[in-house]
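Here are a few notes to read alongside the structure. Take your time and find each part on screen as you go.

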Amino acid sequence: MSGRLVLCATPIGHLGDASPRLAEALAEADVILSEDTRRARVLLNHLGVENRPESYHAGNEAERAGRLAQLLEEGASVALISDAGTPAVADPGLSAVRIAREVGAEVSVVPGPSAVVAALAVSGLPSERFVFEGFLPRRGTGRSARLAALAAEVRTIVLFSATARVVEDLSALGGALGEDRQVTISRELTKAHEEVWSGTLGEAVEEWSSRRPLGEFTLVVQGSPGRVTPIERAVGEINARIEAGEPMSEAVRRVADGLGMSRRTLYEAVLRQE
């Protein structure tokens with residue numbers, strides 16, 4: 001009989017947000033897999049759970065796959081936690097879910113705090129429809145193409161940003177989306193130094209360039225107020241790739257294939273703008 005994989009959402013900062021059900025799931029697990037065993041022990045000690053965690057993170061997912069499959073095939077209950085939030089959502093864990101599906105194990109979740117939802121709730125921006133983009137690509141055509149796509153996105157946009165790149169990301173978003181676009185920046189949510197700042201992207205660059213950014217950042221950006229046709233969106237992505245150094249023919253091919261559009265139609269649309 002196959003076992004059970006339980007994805008356990010953990011507090012994003014304040015340990016008081018841990019639920020009784022989380023404590024129960026971790027205490028009942030035969031094995032606890034964690035992104036960082038040191039951080040996991042802090043949580044487990046707080047909850048009074050004596051189980052010792054084993055590591056399961058982006059760097060060792062492949063080598064741990066065999067052990068996880070064996071545990072589940074033997075009927076074990078395996079709890080998976082990441083450093084904060086829900087495993088497999090912008091965190092390690094997707095491979096674990098796939099392994100569990102392959103061996104016929106049950107997959108369940110203990111829901112909990114979410115930086116995405118928390119930041120969206122306090123942003124004051126429309127939340128009926130939103131898109132979560134994780135972290136922006138760091139460089140190259142991937143970054144340019146993503147920014148071009150976001151410029152045409154009409155839904156509210158939620159992104160993560162690292163301390164060392166938040167000013168750079170805000171500047172890039174301002175350049176692609178327009179400096180007058182509204183943004184709410186949530187820093188260190190639920191922690192002692194929690195801060196929520198709102199303004200335009202232009203103001204955000206000025207504000208955060210003048211101070212030393214510290215902590216974990218979640219950006220909530222206003223969606224595009226205008227309506228952009230699929231062709232215009234595709235051409236914008238092609239232009240971004242070309243500006244990043246990609247040959248036009250290659251840019252057209254990649255965008256057309258990715259969006260399921262005619263290469264000839266997009267090629268002609270690019271030429272018409274010249």
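1. Let's begin with a term: two parts are in contact when heavy atoms lie within 4.5 Å. Keep in mind that this is a predicted model. With that in hand, look at helix α7 (residues 166–177), which lies across β7, β8 and β10. The helix runs at about 10° to β10.

2. Now for the sheet. It is open and has five strands in the order β6-β7-β10-β8-β9, with mixed pairing. Because β6 and β9 (195–200) stand at the edges with a single partner strand each, one side of each has no neighbour in the sheet. On average, neighbouring strands here are turned by 20° against each other, direction ignored.

3. How many bridges join strand β8 (residues 182–187) to β9? There are six, and the two strands run antiparallel.

4. Next, the largest pocket, with a volume of about 640 Å³. Its lining counts 28 residues, and those nearest the centre are Ala 84, Asp 91, Ala 115, Phe 160 and Glu 216. Two or more lining residues come from each of α5 (115–123), β6 (130–135), β7 (156–161) and β10 (217–221). Sorted by class, the lining holds 15 nonpolar, six polar and seven charged residues.

5. Finally, the second largest pocket holds about 220 Å³ of space. It is lined by 17 residues, with Pro 11, Leu 15, Arg 39, Leu 43 and Asp 83 closest to its centre. Which helix gives the most to this lining? That is α2 (residues 37–47), with four residues. The lining divides into eight nonpolar, four polar and five charged residues.

Key:
Residues are numbered from 1 along each chain as its sequence is written. This is a predicted model: local features need pLDDT of at least 70, side-chain atom pairs count only at pLDDT 80 or more; totals for chains, interfaces and linings use all residues. Side-chain values use heavy atoms; hydrogens and water are left out. On a 1 Å grid over the protein atoms alone, a cavity is a set of points where a 1.4 Å probe fits but cannot get out, and a pocket is an open set with protein on both sides within 12 Å along at least five of seven lines; lining residues have an atom within 4 Å of a point. Grid points are joined across faces, edges and corners, and a volume is the space filled by probe spheres set on the points. Ala, Val, Leu, Ile, Met, Phe, Trp, Tyr, Cys and Pro count as nonpolar, Asp, Glu, Lys and Arg as charged, and the others, Gly among them, as polar. Two strands pair if DSSP finds at least two bridges between them. Axes are lines fitted to C-alpha atoms, for helices over the stretch in contact, and angles run from 0 to 180 degrees between N-to-C directions.
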